[in-house]
Amino acid sequence: MTDKNIKNGGDLLVQVLREAGVDTVFGIVSVHNLPLVEAVAAQLRFVPVRHEAGAVNAADGYARATGGLGCALTSTGTGAGNAAGSLIESLSAGTSVLHVTGQVQSDYLGSGRGFIHETKDQLGMLTAVSSYAVTVTDPGDAGKILRDGVRRALAAPGGPVSVEWPIDLQYAEHDVIGGPPISAEPPAGISAEQIAPLLAAIDAAERPVIWAGGGARDAGAQLTELVERWGVPLLTSNSGRGAVDEEHELCVGNYGATPAGRELLADADLLVSLGTHFRSNETGDYSIPVPENHVQVDLDAAAPGRVFPVTAGIVGDVRSVLDAVLASTDFGGQVDAEWTERGKRARVDARTRQRAGLGDHARLCDAVRAAFPADSVVARDVTIASSSWGNRLLSMSDPRANVFPRGGGIGQGLGMAIGSALADETRPTLAIAGDGGLAVHLGELLTVAQEKPWLVMLVFNDGGYGVLRNMQATTGPTYAVDLATPDFAALSGALGLDYRRIGSADDAESVLPEAVSLRGPVLVEVDLAAFGPMPTPFTPPVSVPR
């Protein structure tokens with residue numbers, strides 16, 4: 001050991017992040033993370049967001065857009081608590097996030113004195129909302145803890161890892177020696193015995209359907225080859241979108257609970273599901289018809305049969321399973337050619353039916369797709385535009401472009417968009433939000449104004465919570481859904497942001513390309529009062545007990 005290697009915890013954190021390929025970190029500076037933020041700001045890029053939840057959302061978006069690790073730094077106590085909701089989102093999505101939070105100095109840790117920024121059982125709280133949480137208790141162990149945390153976050157099925165670090169131990173001397181690059185461990189191989197049930201099902205099926213979820217997002221090449229060689233229609237969850245280019249003629253997409261998807265499933269004689277949770281809102285509260293023969297592939301040993309009955313469950317990585325299947329069968333040509341054609345028709349039918357219910361809002365979707373490159377990240381908050389056409393009709397060709405709150409929490413889309421935009425500044429990023437969702441973390445507009453990413457923020461203004469308003473309107477009067485909304489033109493001017501307005505489908509076709517051409521942050525308001533409603537008002541595909 002030489003004096004050259006002796007630095008503080010912030011320098012150690014920077015070294016570990018470099019090993020993980022991270023160049024941008026999101027967070028808020030505090031008296032209980034000063035050395036960490038100082039080192040990151042000096043040696044990497046530190047983005048000072050306005051709320052700890054925004055830090056984790058931005059790190060989450062960064063991780064999804066890069067396919068690697070995102071990092072968020074927060075303060076202890078209330079600061080760590082503020083991050084908890086966004087950690088739940090990261091946990092729901094299995095996103096690789098390293099959350100490093102401060103902690104009071106170790107002499108007072110757990111003393112119950114009410115030391116500033118201390119909270120009861122912070123580690124317990126973090127354990128509840130993270131895939132793993134740990135405390136640094138000795139400077140000599142900090143490097144091992146951080147590197148282990150990175151590996152855990154990157155390991156499938158992923159999820160956030162939280163490290164709490166007492167402030168005195170951050171300032172302590174650390175031996176900062178570089179290590180090899182840290183990356184995800186390669187998935188374990190699959191034996192012939194493990195895939196035998198799937199091969200037998202493939203051999204016997206005449207009318208098969210594949211349902212791909214988020215576990216298939218890194219198996220796009222294999223899944224595309226399977227679809228084409230087998231001649232089988234593909235349904236996806238929202239999380240599985242983009243693994244196969246949604247312009248592919250056999251990719252029906254995220255339409256499993258629609259009439260077209262249900263009709264296909266009802267007549268299928270085999271369902272092969274790949275890495276999906278079968279979320280309630282994507283299965284009509286589990287009401288979709290599922291063939292008697294169902295082979296489910298998932299990393300989670302508890303997943304097969306958890307939602308729908310299975311004839312066989314295969315525990316393993318989807319990419320490894322598909323590699324083995326593709327090498328083991330020629331598919332025999334047993335799928336009826338008419339079934340393949342029916343899959344193609346189902347794809348067209350699902351979109352045709354949806355476009356009829358969207359009216360001019362379908363043209364708005366078309367304008368978005370025309371204005372943005374296919375690989376642009378589309379970060380969608382929970383709002384009508386996202387839940388209707390953004391999650392289905394707006395085609396995705398890359399799973400890294402498909403960013404949305406999988407846990408369903410409102411208000412997280414802007415932070416995710418910021419992280420996604422700063423992950424790759426060579427192409428534009430699109431944020432889709434409603435006025436209600438944007439208000440949850442309106443302060444992050446200041447982060448946008450300060451960092452100036454190439455980000456188009458498409459804000460749908462209907463003066464409140466439109467999804468809930470539509471739900472309430474089907475049964476009686478509306479309540480608690482109408483909100484005061486800012487003058488977005490004036491707000492943008494106050495922040496020094498460019499502003500544009502869309503009041504019609506014609507406006508969208510001219511305004512969106514112009515907004516993209518600005519190559520910087522711009523807020524585009526969709527004035528829904530002027531634009532007009534959808535012919536079929538959108539309500540979420542969930543049931544509420546009454």
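Let's start at Val 29, which lies in the loop between β2 (24-27) and α2 (34-43); helices here are DSSP runs of H or I with at least four residues and strands are E runs of at least two, numbered from the N terminus. Keep in mind that this is a predicted model, where local features need pLDDT of at least 70, side-chain atom pairs count only at pLDDT 80 or more, and totals for chains, interfaces and linings use all residues. Residues are numbered from 1 along each chain as its sequence is written, and side-chain values use heavy atoms, with hydrogens and water left out.

Val 29 is partly exposed, with a relative accessible area of 49% (buried means under 20%, exposed over 50%, partly exposed in between, with a 1.4 Å probe and protein chains only).

Now for the aromatic rings. Searching the whole structure turns up five aromatic pairs. Rings of Phe, Tyr and Trp (its six-membered ring) pair if their centres lie within 6.5 Å; planes under 30 degrees apart are stacked, over 60 edge-to-face and the rest tilted. Take Phe 278 and Phe 308: their ring centres are 5.0 Å apart and their planes sit at 85°, so this pair is edge-to-face. Phe 278 is in the loop between β12 (270-274) and β13 (294-298), and Phe 308 is in the loop between β13 and β14 (312-315), so the pair ties together parts that are 30 residues apart in sequence. Phe 278 is buried at 2% relative accessible area, and Phe 308 counts as buried too, at 6%.

Another edge-to-face pair is Trp 389 with Phe 460, at 6.2 Å centre to centre and 65° between the planes. Here helix α14 (residues 384-390), holding Trp 389, is linked to strand β18 (residues 455-461), holding Phe 460, and the two residues are 71 residues apart. Both Trp 389 and Phe 460 are buried.

Six strands make an open sheet with parallel pairing, in the order β16-β15-β17-β18-β20-β19; two strands pair if DSSP finds at least two bridges between them. At the edges stand β16 (402-403) and β19 (498-502), each with a single partner strand, so one side of each has no neighbour in the sheet. Strand β17 (residues 429-434) runs parallel to β18 and is joined to β18 by six bridges, with Thr 429 opposite Leu 455 in β18.

Finally, look at helix α15 (residues 413-423), which is mostly covered: ten of its eleven residues are buried, including Gly 413, Met 416 and Leu 422.
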